[in-house]
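Here are my notes on the model, point by point. Please read them with the structure open.

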Amino acid sequence: MMLKALRYGIAGFTLSCLTSLCAQAQEPKELFFYNWTDYYPVELLAKFEKETGIKVTMDGYDSNETLLAKLQAGGAAYDVIVPSQSIMRTLIEQNLLLEIDAPTLANFKNVKAAFRDPSFDPGRKFSAPYLWGSTGFSYDSARVPGGKLDDSWKEFFEPRPEVSGQLAALDTSSSVINAASHYLGVDECSENPQDAKRILELLQKQKPHLKMYSSDNTVDRMASGEVIMMQNWNGSTARATLQKSTIKYVYPREGLAMFQDNFAVPKSAPHPDNAKVFIDWMMKPENAAAVSNAIAYANGIESDKLLDPKWKVMDAINMPEEFASRLRPEKECSNKARELQDRIWSKLKG
Amino acid sequence: MSVSTQSPAMSRLLLLSPVVLTLLALIAIPLGIMGYISLLPRNLYGGVDWQADWQLQSYVKLFFQEGFDGELELNWVYAQALLRSVAQAGGTTLLCFVFGFPVALWMTGLAPRQRSLMVLLITIPFWTNLLIRNYAWLIILREQGWIAQSINALLPQAGGITLLYNDFAVSVGLVYSFLPFMILPIYSTLEKLDWRLVEAAYDLGANRWKALRRVILPLSMPGVIAGALLVFVPSLGAFITPAILGGGKTLMIGNLIQQQFGTARNWPLGSSLSFLLLGILMLALVLYALYSRKTAKTIRRGAAA
């Protein structure tokens with residue numbers, strides 16, 4: 001056992017030496033990493049630099065649309081980007097990504113089976129898995145009657161009088177419309193105006209009960225008690241639970257959106273070889289686990305054993321198996337569906 | 001060719017060229033591109049189809065929209081957002097004037113050294129990012145903050161007043177952000193004010209209020225107008241403050257435009273909305289110019305009589 005580990009270690013070491021030597025021959029030892037804001041622990045970059053000698057500069061964005069717009073405009077010099085699955089097809093079809101053939105990377109063997117061959121990138125030609133999570137809702141069990149809410153979107157869209165005025169929704173049209181669609185049992189990307197009408201009616205009925213729409217400060221909003229209930233991401237909920245143990249996360253039985261973020265390399269990347277070194281390094285279990293432990297989202301690498309005990313006890317991070325069937329991977333909607341969603345959102349807020 | 005042989009028209013053109021080029025590069029060309037985009041059909045993945053024929057669809061959409069039942073209906077959403085933004089910006093301008101004018105007037109009475117110190121103090125908030133200043137208000141105004149806590153402790157019968165996520169909070173944020181734009185232009189006109197005119201008013205029997213209303217205020221009008229424009233125009237397009245402090249429950253025209261270039265991926269509609277906003281601002285400026293020409297004429301006529 002020991003010997004085997006040692007052998008793997010040596011093999012890995014030689015390989016990483018080889019790749020870094022190759023990289024050294026062609027590229028300066030630097031890497032431009034364009035990631036979601038607050039979605040990567042900075043300390044880990046120091047470790048990467050120490051092990052590979054590649055210096056990483058990180059920059060942040062706030063939505064897939066920002067990323068798409070930057071890449072479409074051209075001239076953006078990023079080596080590694082983190083697109084969600086809902087924009088991968090667009091990036092591939094627009095010919096904006098470099099083929100990296102992730103399965104050929106040494107550490108791809110650590111990728112969990114469920115993440116090896118996703119429908120948005122068959123065969124992982126253009127991407128490697130990063131983190132994944134879900135958009136359900138969270139509540140403070142100390143402040144609801146009976147200390148427990150039903151695991152249904154009904155609690156969120158048609159709130160009890162005790163919670164009214166003390167709940168928040170995300171200020172992202174797709175997240176709100178996805179949740180409403182799941183509750184009503186219609187397709188998230190429906191092109192039928194009648195579905196849009198029903199969604200709008202539901203949201204308009206909910207609006208007077210809402211304190212706000214906001215996608216910022218989600219951890220603090222729950223932890224400080226500003227609201228009793230809010231539409232929330234699992235990782236954000238877990239971080240709030242750490243500050244206030246009565247906060248719970250709900251996987252609604254009608255279904256909830258699941259997002260999966262990926263590492264990819266733009267066609268215009270100035271250091272594609274360094275990018276591959278980085279992506280390969282991130283598929284090592286200890287590095288993937290370091291991210292999950294720092295920012296509380298699960299990753300797609302076999303690293304569950306390395307997860308911090310403080311997260312392991314939380315349903316929000318360590319999802320109970322029976323909830324797996326409730327996850328609905330986010331889709332990329334057609335322009336027609338997108339236009340309907342925009343109309344719902346404008347009318348809702350108009 | 002020596003300078004003397006050039007025609008005066010030619011040399012005038014050469015002398016003006018830096019200005020013309022700047023205006024062309026920073027205003028005319030970007031506006032032209034925006035106008036062009038507003039006439040093109042949108043692309044599937046954001047952006048526009050540059051090769052397509054011109055169309056006016058994005059302008060029609062400003063006023064008419066296909067309803068969920070398939071019929072074409074008058075679209076009030078954008079008009080409402082626009083009216084709401086105009087009202088909000090107008091209110092902000094008025095409040096900035098109410099708070100800014102006394103400050104500017106007070107500053108002119110200070111010793112020159114203290115005046116420069118005050119100018120510095122007023123500009124200091126600008127050294128911090130707008131986003132951070134708005135978040136600061138979020139922390140000050142929230143329910144657990146000391147202002148809301150003390151108000152609710154003093155007035156328990158009011159039943160829990162919330163200061164955040166409403167129009168009040170947005171007004172506070174906008175006034176705080178844009179107040180210096182009002183103070184500084186008023187201060188610069190008042191600084192050059194000939195105080196002998198005010199003394200003359202006193203000699204002629206005016207009390208303090210009358211001197212302020214009939215002499216100081218009219219003389220500071222250029223500064224007030226400049227300040228009002230500097231406050232009104234940016235607060236009309238503001239989208240960060242309403243999104244953070246307003247709780248995102250209502251759309252301002254700025255949010256609407258941002259949404260078109262972001263999640264909605266509808267650049268033509270975003271451009272046509274921008275032009276609508278621009279058109280309304282132009283209209284306001286033209287009306288103001290006409291009005292001021294008229295008042296100038298009446299004043300001159302009054303002086304002649």
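1. The contact between the two chains draws 40 residues from chain A and 34 residues from chain B. Keep in mind that this is a predicted model. The area buried between chain A and chain B is about 3,300 Å². Carbon and sulfur atoms give 45% of that area.

2. Three residues deserve a look on the chain A side. Asn335(A), Arg343(A) and Lys347(A) supply 17% of the area that chain A buries against chain B.

3. Eleven residue pairs are in polar contact between chain A and chain B, both residues at pLDDT 80 or more. The count of salt bridges between chain A and chain B is three. One of them pairs Glu339(A) with Arg42(B), with the closest N and O atoms 2.5 Å apart.

4. Which elements of chain A each supply at least two residues of the side that touches chain B? They are helices H3 (64-73), H4 (85-93), H7 (193-206), H8 (218-223) and H13 (335-349), plus strand E6 (210-213). H13(A) gives the most, with eleven residues. By residue type, the side of chain A that touches chain B divides into 17 charged, twelve nonpolar and eleven polar.

5. Now the salt bridges in general. The whole structure holds 20 salt bridges over all chains. Side chains of opposite charge can pair when their charged atoms come close. Arg89(A) and Glu93(A) meet this way, at 3.6 Å from N to O. The two are four residues apart in helix H4 of chain A, so about one helical turn separates them. Arg89(A) counts as partly exposed, at 40% relative accessibility.

6. With Asp150(A), the closest N and O atoms of the salt bridge are 3.1 Å apart. Asp150(A) lies in the loop between strand E4 (127-140) and helix H5 (154-157) of chain A, and Arg253(A) in the loop between strand E8 (247-250) and strand E9 (256-264), so the pair ties together parts that are 103 residues apart in sequence.

7. The salt bridge of Arg253(A) with Asp151(A) has its closest N and O atoms 2.9 Å apart. Asp151(A) is in the loop between E4 and H5 of chain A, so this pair ties together parts that are 102 residues apart in sequence. Shared partners join Asp150(A), Asp151(A), Arg253(A) and Arg326(A) into one salt-bridge network.

8. Arg253(A) is partly exposed at 42%, and Asp151(A) is partly exposed at 24%.

Note on methods. Residues numbered from 1 in each chain as written. Chains lettered and ligands numbered in written order. Predicted model: local features only at pLDDT ≥ 70, side-chain atom pairs only at ≥ 80, totals over all residues. Heavy atoms only, no water. Contact = heavy atoms within 4.5 Å. Buried area = accessible area lost by both parts, 1.4 Å probe. Salt bridge = Lys/Arg side-chain N within 4 Å of Asp/Glu carboxyl O. Polar contact = N/O pair within 3.5 Å; in protein donor to acceptor, adjacent residues only side chain to side chain. Nonpolar A, V, L, I, M, F, W, Y, C, P; charged D, E, K, R; others polar. Buried < 20%, exposed > 50% of the residue type's maximum accessible area, 1.4 Å probe, protein only.
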